[in-house]
Amino acid sequence: MILYTPLKKTMKEKGITTYTLTQKHKISSNTLYRFRHNLPISTVTLNDLCAILQCRVEDILVYVPDE
C-alpha cells in the first residue's frame with residue numbers, strides 16, 4: 001500500500017501550504033483529497049509535486065507492504 005504520510009512533513013519543511021498548492025500551483029482540491037485518503041494519483045501529479053517542493057518521491061510517499 002502506498003501512503004502519502006511524508007507529504008505533510010515535507011510541505012511543512014518547505015513552507016508550502018495546501019492553499020499555496022491550490023492557488024499558486026493549481027493542484028486541485030480533489031488531488032489533495034486523494035492524498036489525505038491515500039488514494040491513487042498519477043505519476044504526472046507526483047512529478048509536479050516533486051518540482052514544486054523540490055524533493056524526491058520518497059519525501060511524498062512511502063510503500064508499506066500489505067500483510
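Me: Which residues is L53 in contact with, leaving aside its neighbours within four places in sequence?
Reply: This is a predicted model. In it, L53 is in contact with L7, T10, M11, K14 and I16, with neighbours within four places left out.

Me: What about T10, then? Which helix is T10 found in?
Reply: T10 is found in helix α1, which covers residues 5–14.

Me: Is T10 buried or exposed?
Reply: T10 counts as buried, because its relative accessibility is 5% and the cut-off for buried is under 20%.

Me: And what does T10 touch, not counting residues up to four places away?
Reply: T10 touches L53, C55 and D59.

Me: Back to α1. Which of its residues are buried?
Reply: The buried residues of α1 are P6, L7, T10 and M11. Seen down the axis of α1, they fall within an arc of 135°, so they line one face of the helix.

Me: Why would residues spaced like that point the same way?
Reply: An α-helix has 3.6 residues a turn, so residues three or four places apart point the same way.

Me: What sits on the face of α1 turned away from the buried side?
Reply: That face carries the exposed residues T5, K8, K9, K12 and E13.

Me: What do the buried residues of α1 pack against?
Reply: They pack against two strands, β1 (2–3) and β2. They also pack against the helices α2 (18–23), α3 and α4.

Me: Let's do α4. Which residues are buried there?
Reply: In α4 the buried residues are T45, L46, L49, C50 and L53. They cover an arc of only 140° around the axis, which puts them on the same side of α4.

Me: What does the other face of α4 carry?
Reply: The face turned away from the buried side carries V44, N47 and A51, which are exposed.

Me: And which helices do the buried residues of α4 pack against?
Reply: They pack against α1, α2 and α3.

Me: New topic: the core. How many residues does the largest nonpolar core have?
Reply: The largest nonpolar core has 16 residues. Those with the most contacts inside it are Y4, L7, L21, F35, L53 and I60.

Me: Which elements give two or more residues to this core?
Reply: Those elements are α1, α3 and α4. The largest share, 4 residues, comes from α4.

Me: Is Q54 buried or exposed?
Reply: Q54 counts as exposed, because its relative accessibility is 67% and the cut-off for exposed is over 50%.

Me: What is the phi of Q54?
Reply: Phi of Q54 is near 50°, a positive value in a residue other than glycine.

Me: What do most residues other than glycine have?
Reply: Most residues other than glycine have a negative phi.

Me: Where else is phi positive without a glycine?
Reply: N38 has a positive phi of about 55°, and N38 is not a glycine. N38 is placed in the loop between α3 (29–36) and α4. At 28% relative accessibility, N38 counts as partly exposed.

Me: And which residue takes a positive phi just after α1?
Reply: G15 does, with a phi of about 75°.

Me: Which residues is Q54 in contact with, beyond its neighbours within four places?
Reply: Q54 is in contact with K14, and L49 is listed too.

Me: How far apart are the C-alpha atoms of Q54 and T10?
Reply: They are separated by 9.8 Å, with the two residues 44 residues apart along the chain.

Me: Last topic: pockets. What volume has the largest pocket?
Reply: The largest pocket has a volume of about 230 Å³.

Me: Which residues line it?
Reply: The lining of the largest pocket includes Y4, T5, L7, K8, M11 and K12. Also among the lining residues are I16, T18, L32, F35 and R36.

Me: Which element supplies the largest share of that lining?
Reply: The largest share, 5 residues, comes from α1. α1 and α3 each supply at least two residues of the lining.

Me: How does the lining split by class?
Reply: The lining of the largest pocket has 6 nonpolar, 2 polar and 3 charged residues.

Note on methods
Residues numbered from 1 in each chain as written. Predicted model: local features only at pLDDT ≥ 70, side-chain atom pairs only at ≥ 80, totals over all residues. Heavy atoms only, no water. Buried < 20%, exposed > 50% of the residue type's maximum accessible area, 1.4 Å probe, protein only. Contact = heavy atoms within 4.5 Å. Arc of directions from axis to C-beta. Core = buried A, V, L, I, M, F, W, Y, C linked by side-chain atoms within 4.5 Å. 1 Å grid on protein atoms, 1.4 Å probe; cavity = no way out; pocket = protein on both sides within 12 Å on 5 of 7 lines; lining within 4 Å. Points joined across faces, edges and corners; volume = space filled by probe spheres on them. Nonpolar A, V, L, I, M, F, W, Y, C, P; charged D, E, K, R; others polar.
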